[in-house]
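Please open the model in a viewer and keep the residue selection tool at hand.

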Amino acid sequence: MHLLGSLWRAALLLSMAWLAAAPAQAADETLRVGSKRFTESYILAELLAQTAAPHTASPPVVRQGLGNTAIVYEALRSGAIDLYAEYTGTIALEILKGSPAETREQMNAALAPLGLGVAIPLGFNDGYALAVRAADADRLGLRTLSDLARHPELKLGLSNEFLGRADGWKGLAARYGFTQTPTGLDHGLAYDALGARQIDAIDIYTTDAKIDHLGLRVLEDDKKYFPRYDAVVLYKLDLPTRLPKAWAALQTLEGRIDEHAMIAMNARAELQSVPFDAIARDFLAGAGNAKDGKAQPNEPRRGFIAKLFGPDLWQLARQHFLLVALSVGIAILIGVPIAIGVFAHVRLRAVVLGIASLMQTVPSLALLAVLISALGAIGALPALIALTLYSLLPIMRNTVTGLAEVPQGLRMAGTALGMTPPQSLRLVLLPLALPTLLAGVRTATAIAIGTATIAAFIGAGGFGERIVTGLALNDRELLLAGALPAAAMALISEGIFELIEWALRRRRRAPPSSRAP
């Protein structure tokens, strides 16, 4: 019983620590820059932040790898970020659901009621296209998308976002008459799948560094389906007046990045594992304009050990620990009383546990998307709610099971001694059910440690940040640098719970006279 109380107190203390540690962001002073989950967007976010940094009172906050267009746009609309790099074709078709022929002035007129605007064309077009292996293109005579449509035997592997976009697969298939059923793949993994001959064609961004590196053939859009995707800044309309000096500095990026420069920066990230902030810093210093993307003098290179023990390790560990500890702690505070309350009511208990079981079947990314839409926020809050919901079932189920396992004789003994029901619960039932309840907390903690890596998709931090970035870059070392610390945290938690259970067993075996009062 003392242990249960300690767990409750720890949960409350951790909640207070979380609130104290969370920076009190002064929305009027802090520039918050977002990015999508692919290489180019990471780099552009750093370019925007570093350009504005000398002209802001506090360092800009960069929210990297927030996810696809829908999530980053929701973050902007809700005020979680102030701006991010977007593309005109995406704005016109995916956000405004309009025509690809819309001008920037028309876009601004449509976005103004939403409190958003488009500005600062960066100078390059990064369009969608489909690409195949050059050998297949030569063998089959593939030069255009119409040529590809005449070969239904070829397997297509397309990014999940492209499959669902208004300007993506559905419209493309209708325009060209594609009959294939494509496989959904992460953009960063598609190149490997194409090289391994698991698929025959992929969607690409025209500034991807691996197109030339892997010798792929980009197919001509002969029916002009894809619009232009000129890189621009999508921003909150109050930003120029709120941070005028930073906004003036951002204007200097207009037209400064051509397609060769962007391809070169992407190449340094994807082929040489150069950190995004270093790439942006070199470009702004004039060292990142090489068109071939070759390494610069003193090029920083990171091996696996450097990635594993990088300067972000302890910050990510702290974020991951707080997400897990708070979600499990809150689940204890909510789940244990509910389980106690419904224990004596069989039908109500079945309904409550059924609802908790149903929550376990909802995919984590889907749940996070629903929470973002409902809360109008990204980051720690929706992640914490999702992790708490996932932690409820093992805690509630094991609490009910532990109470049910208490022998009837011991229940009656408490009544015979004149105990009231609350006294019997506190002094007899819960102490005897504690080992089973603790096993539920142990299971919930293991689930939360693994699921917390998904929280990085919405900017909640933790070791998942490395995993998300590793997926975007197809960097296996960075993936491991995120997965191994999470696995180590899981092992440490298992060791702690093993020690607690050993202490409980030892306490139960000790003679009554030797126990502390």
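A residue is called buried when its relative accessible area is under 20%, exposed when that area is over 50%, and partly exposed in between (1.4 Å probe, protein chains only). The model is predicted, so local features need pLDDT of at least 70 and side-chain atom pairs count only at pLDDT 80 or more, while totals for chains, interfaces and linings use all residues. Residues are numbered from 1 along each chain as its sequence is written, and side-chain values use heavy atoms, with hydrogens and water left out.

**The whole protein**

Begin with everything displayed. The protein has 24 helices and 10 strands; helices (H or I, at least four residues) and strands (E, at least two) are DSSP runs, numbered from the N terminus. Of its 517 residues, 51% are buried. Contact means heavy atoms within 4.5 Å. Among contacts between residues at least 6 apart in sequence, 77% join residues at least 24 apart.

**First stop: the sheet around β8**

Select β5 (128-133), β6, β7, β8 (201-205) and β9. These five strands form an open sheet in the order β7-β6-β8-β5-β9, with mixed pairing; two strands pair if DSSP finds at least two bridges between them. At the edges stand β7 (183-185) and β9, each with a single partner strand, so one side of each has no neighbour in the sheet. From one strand to the next the twist averages 40°. For such values, axes are lines fitted to C-alpha atoms, for helices over the stretch in contact, and angles run from 0 to 180 degrees between N-to-C directions.

Now colour β8 alone. Are its residues buried or exposed? Five of its five residues are buried. Ala-201, Asp-203 and Tyr-205 point one way from β8, whereas Ile-202 and Ile-204 point the other way. In a regular strand the side chains alternate between the two faces of the sheet.

Next, follow the neighbours of β8. It runs antiparallel to β5, with five bridges joining the two, and Tyr-128 stands opposite Tyr-205. With β6 the strand β8 runs parallel, joined by two bridges; here Leu-156 has Ala-201 as its bridge partner. Further along, β6 (residues 156-159) and β7 pair in the parallel sense over three bridges, and Leu-158 is the bridge partner of Gly-184.

Select β4 and β10 to see an antiparallel pair with four bridges, in which Leu-116 stands opposite Lys-236.

**Third stop: two helix pairs**

Two packed helices are described by the angle between their axes and the distance between the axes.

Among the contacting residues are Ile-43 and Leu-47 of α2 and Met-262 and Ala-269 of α14.

Then select α23 (residues 464-473) and α24 (residues 476-509), whose axes come within 7 Å and cross at roughly 160°. These helices are therefore roughly antiparallel. The contact includes Ile-467 and Leu-471 in α23 and Leu-478 and Pro-485 in α24.

**Last stop: two loop residues**

Most residues other than glycine have a negative phi. Select Lys-224, in the loop between β9 (216-218) and β10 (231-236); its phi is positive, near 55°. Lys-224 is exposed, with a relative accessible area of 63%. Finally, select Ser-273, in the loop between α14 (259-272) and α15 (276-284). Ser-273 has a positive phi of about 55°, but is buried, with a relative accessible area of 19%.

Terms used:
Angles under 35 degrees count as roughly parallel, over 145 as roughly antiparallel, 65 to 115 as roughly perpendicular and the rest as oblique.
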